[in-house]
Amino acid sequence: MSRLETPHLILGGARSGKSTYAEALVMSMPPPHRYVATAQILDDEMARRVREHQKRRGATWRTIECPIHLADLLRQLDSEPAPILVDCLTLWYSNLVLSLEEGAIRAQVASVCDVLHSARSPLLLVSNEVGCGIVPDNALARFYRDLAGWANQRIAQACRAVTYVIAGIPVPLKPR
Amino acid sequence: MSRLETPHLILGGARSGKSTYAEALVMSMPPPHRYVATAQILDDEMARRVREHQKRRGATWRTIECPIHLADLLRQLDSEPAPILVDCLTLWYSNLVLSLEEGAIRAQVASVCDVLHSARSPLLLVSNEVGCGIVPDNALARFYRDLAGWANQRIAQACRAVTYVIAGIPVPLKPR
Amino acid sequence: MSRLETPHLILGGARSGKSTYAEALVMSMPPPHRYVATAQILDDEMARRVREHQKRRGATWRTIECPIHLADLLRQLDSEPAPILVDCLTLWYSNLVLSLEEGAIRAQVASVCDVLHSARSPLLLVSNEVGCGIVPDNALARFYRDLAGWANQRIAQACRAVTYVIAGIPVPLKPR
């Protein structure tokens, strides 16, 4: 496959190198490079993480914050065909879980899948694998984990390429 | 490999699509389709999960509940050669941990491996990867995690096919 | 690739069979076999785990304990060219987190990477994937998880071979 086939879902554990890999793919395409940040900066730890990520990316990037209405933003950005990196879906799922009820969350994910099917811009999406530990002992964490697993499946199905990153090494899952 | 080679262990994280994949493999074979449910319905959340799974499967399925004595049940079902899906081993490991001491648990797992070596019926088994998070801070969870890892290794060794499912995408591990 | 290409990082979840696989690779080489144990025996549970591991290995092995100064020890052992197994890096990361501050930890990891680039002895290193569960709810666990992910990436980059072990099945990641 061409490594530039999109939409492209890049999955991996925490600090697996998935964002770095996704950024390198985007930067191999001509600018402008649009970075859609789903993080809501609620504390110092998160602020520090965001600054580290921004420092790593360079001046060719434009950052747009989007905690909730991702499908709407992607449709709007797609009026100018140029690469878009969404980093990351798992924080977006978190924001959805804290703001909406289950039906509305699933509708948001379905809307993003619709955009993935129709977008002209190269779309890259980063997401975490969160389901390979022990069953969490609180109900909200279990709900979140189930939702993230379900949503990752839906997004993977709507993407033409899926890559799993382990210790910085990209493993292509789709196409194989 | 033939995707119908069995016994077949289907591994994956929570909501990775492993059950859906296993059910599709079973349904590509002629009925009857036997579903061995290891879940013990102890609360509403579990009851809801079981109902969702049953709804997804169709009328060709017969469900047999089996929280503990899995090897005995599989031997009995094998008198009629037809596909059997065990979903899931991780809940079975949980039930064993809550009911038996370590030696007896390991003997139960060894008995299931014996059945895997001798069964005439196509056997498919679903299990979770639970060892890729942070070390749990309570001793029972660590004991469970170690046991699940050890048992998954034993079952994988006794199976002719092993598949890892990530975000709905099956990755064949054995044979490769 | 030759399965004996080194340095070789062997990654996997808890009880995935990664140590057993690494030990088998070392034992396919001529003795002496040096085992670098990073575990600090602080309680009975840890003592039991260490005894189990020692029982599995045979008389050809020499065990050296090394909770912190891993690069120094590896340089010293490398004066005699013979295989060295480090088991495991994740416990070493734990020891570093409990003893040093962030800059000094990163310097220790960088020193080990330097040794990996220059060593004449076959070096095998075992490490855990710890980043594929739910985000931990305490800050130290999150710091540890981020550090382990970052360090595994660095070590993987410095190694000529990387293997991921799932349910006892080795999956080569590098070279592919």
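A polar contact is here a pair of N or O atoms within 3.5 Å, where within protein one atom must be able to donate a hydrogen and the other to accept it, and where residues adjacent in sequence count only if both atoms are side-chain atoms. By that rule, six residue pairs are in polar contact between chain B and chain A, both residues being at pLDDT 80 or more. The structure is a predicted model, in which local features need pLDDT of at least 70 and side-chain atom pairs count only at pLDDT 80 or more, while totals for chains, interfaces and linings use all residues. Residues are numbered from 1 along each chain as its sequence is written, chains are lettered from A and ligands numbered from 1 in the order in which they are written, and side-chain values use heavy atoms, with hydrogens and water left out.

The side of chain B that touches chain A draws two or more residues from each of helix H2 (44-56), helix H6 (139-158), strand S6 (161-166) and strand S7 (169-174) of chain B, helices (H or I, at least four residues) and strands (E, at least two) being DSSP runs numbered from the N terminus. S7(B) gives the most, with four residues. In contact terms (heavy atoms within 4.5 Å), chain B contributes 24 residues and chain A 19 residues. Two salt bridges cross this interface, a salt bridge being a side-chain nitrogen of Lys or Arg within 4 Å of a carboxyl oxygen of Asp or Glu. One of them joins Glu45(B) to Arg142(A), with the closest N and O atoms 2.9 Å apart.

Chain A also meets chain C, and there the contact takes 24 residues from chain A and 19 residues from chain C. One salt bridge is counted between chain A and chain C, formed by Arg15(A) and Asp146(C), whose closest N and O atoms lie 3.8 Å apart. Five residue pairs are in polar contact across this interface, both at pLDDT 80 or more. On the side of chain A that touches chain C, the largest share, four residues, comes from S7(A).

Within chain A, strand S4 (residues 84-87) is covered on both faces, with Ile84(A) and Val86(A) on one side and Leu85(A) and Asp87(A) on the other all buried, that is, under 20% relative accessible area (1.4 Å probe, protein chains only). S4(A) pairs in the parallel sense over four bridges with strand S2 (residues 33-37) of chain A, where pairing requires that DSSP finds at least two bridges between two strands. Tyr35(A) stands opposite Leu85(A) in S4(A). S4(A) also pairs in the parallel sense, over four bridges, with strand S5 (residues 123-128) of chain A, and Ile84(A) stands opposite Leu123(A) in S5(A).

Notes: Buried means under 20% relative accessible area, exposed over 50%, partly exposed in between (1.4 Å probe, protein chains only).
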